[in-house]
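Me: I have a protein model to read and I am new to this. Can we go through it feature by feature?

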Amino acid sequence: MNRNAIILAIIIVVIAVMLFSGRLLNRSGNGADGQNIVGDVKGKTAPDFELKDLNGNTVKLSQFRGKAILLNFWATWCTPCKTEMPWFVDLQERYGGDGLQVIGVAMDDAGLDTISKFAKDMNLNYTVLLGKESISELYGGVNFLPTTFYIDRNGKIVDRVFGIVNRKEIEDNVKKALESKVAEADGNAPSTQALPSSVPQSTPPDDPTPSYPPAVKVN
């Protein structure tokens, strides 16, 4: 084997090792900033990100730390997404004063004007962001819509739901996220607390929809 062939073989081996190591690092992501999350995401830190809202403002997920987050990935063409949006509007109104922030991340290519009109027509009263594929990858790859993450006041994921579920299940997950208590600055472990008395404990009547459309596979 001549010298050039040996050098070429070494280069190929080095590149292969680098690619393999990169894949291992991606698979071991635990939700810290800059890493994607895979597998069972409960208890992992929700990856931070920044996206533009419908007014062109830059919004970071971490700026809502201390609040309970309902993070919903959706698209204008997604029928089940449209079904659950009025519930999110109502939940934002009912629990917003107690620390709930609903964030909708639009994952289609419809463009700002179309998404803004859709949001206005649906009377969305919560934060709507223009999504990117890189954000989808951070959250383990959003392959179905809707996909919803419930995040507690310390940025930990309480649950993840693919597709649409009934309103009561959504509200129960919101309450779990709200029950968390912000960790002390000295690093003491956070405890849970009962919902404030102002939070309505009764569940509103179930939605009249007898069945829900299935989740939509993202191409």
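Reply: Start with one residue. Lys168 has a relative accessible area of 38%, so it counts as partly exposed. Buried means under 20% relative accessible area, exposed over 50%, and partly exposed lies in between (1.4 Å probe, protein chains only). Before we go on, note that this is a predicted model: local features need pLDDT of at least 70, side-chain atom pairs count only at pLDDT 80 or more, and totals for chains, interfaces and linings use all residues. Residues are numbered from 1 along each chain as its sequence is written, and side-chain values use heavy atoms, with hydrogens and water left out.

Me: Which residue forms a salt bridge with Lys168?
Reply: A salt bridge is a side-chain nitrogen of Lys or Arg within 4 Å of a carboxyl oxygen of Asp or Glu. Here the partner is Asp172, with the closest N and O atoms 3.0 Å apart. Asp172 is partly exposed, because its relative accessibility is 30%.

Me: How far apart are Asp172 and Lys168 in helix H5?
Reply: Helices (H or I, at least four residues) and strands (E, at least two) are DSSP runs, numbered from the N terminus. Asp172 and Lys168 sit 4 residues apart in H5, so about one helical turn separates them.

Me: Which residue does Arg167 meet in a salt bridge?
Reply: Arg167 meets Glu171, at 3.9 Å from N to O. Both lie in H5 (residues 167-179), again 4 residues apart, about one turn of the helix.

Me: Are Arg167 and Glu171 buried or exposed?
Reply: Arg167 has a relative accessible area of 6%, so it is buried. Glu171 has 0%, so it counts as buried too.

Me: How many salt bridges are there in the whole structure?
Reply: The search finds 8. One of them joins Arg94 and Asp90, at 4.0 Å from N to O. Both of these residues lie in helix H2 (residues 79-95), 4 residues apart, about one turn of the helix. Arg94 is partly exposed at 26%. Asp90 is partly exposed at 25%. Now put the pieces together: Asp90, Arg94, Arg167 and Glu171 are linked in a network of salt bridges.

Me: What does H5 reach from its first C-alpha to its last?
Reply: The expected span of a helix is 1.5 Å times one less than its number of residues. H5 has 13 residues and reaches 18 Å, close to the 18 Å expected.

Me: What do the buried residues of H5 pack against?
Reply: Read this from contacts, meaning heavy atoms within 4.5 Å. The buried residues of H5 include Ile170, Val174 and Leu178. The buried residues pack against strand S3 (68-74), H2, strand S4 (100-106), strand S7 (147-151) and strand S8 (157-162).

Me: What kind of pair do Tyr139 and Phe149 form?
Reply: Their ring centres are 5.0 Å apart and their planes stand at 70°, so the pair is edge-to-face. Tyr139 is in the loop between H4 and S6, while Phe149 is in strand S7. Phe149 is buried, at 1% relative accessibility. Ring pairs join Phe49, Phe73, Tyr139 and Phe149 into a cluster.

Me: Which residues form a disulfide?
Reply: A disulfide is a pair of cysteine sulfur atoms within 2.5 Å. The structure holds 1. Cys78 and Cys81 form it, with their sulfur atoms 2.2 Å apart. The link is right-handed, with 80° about the S-S bond. Both cysteines, Cys78 and Cys81, are buried.

Notes
Phe/Tyr/Trp six-rings, centres within 6.5 Å; stacked < 30°, edge-to-face > 60°.
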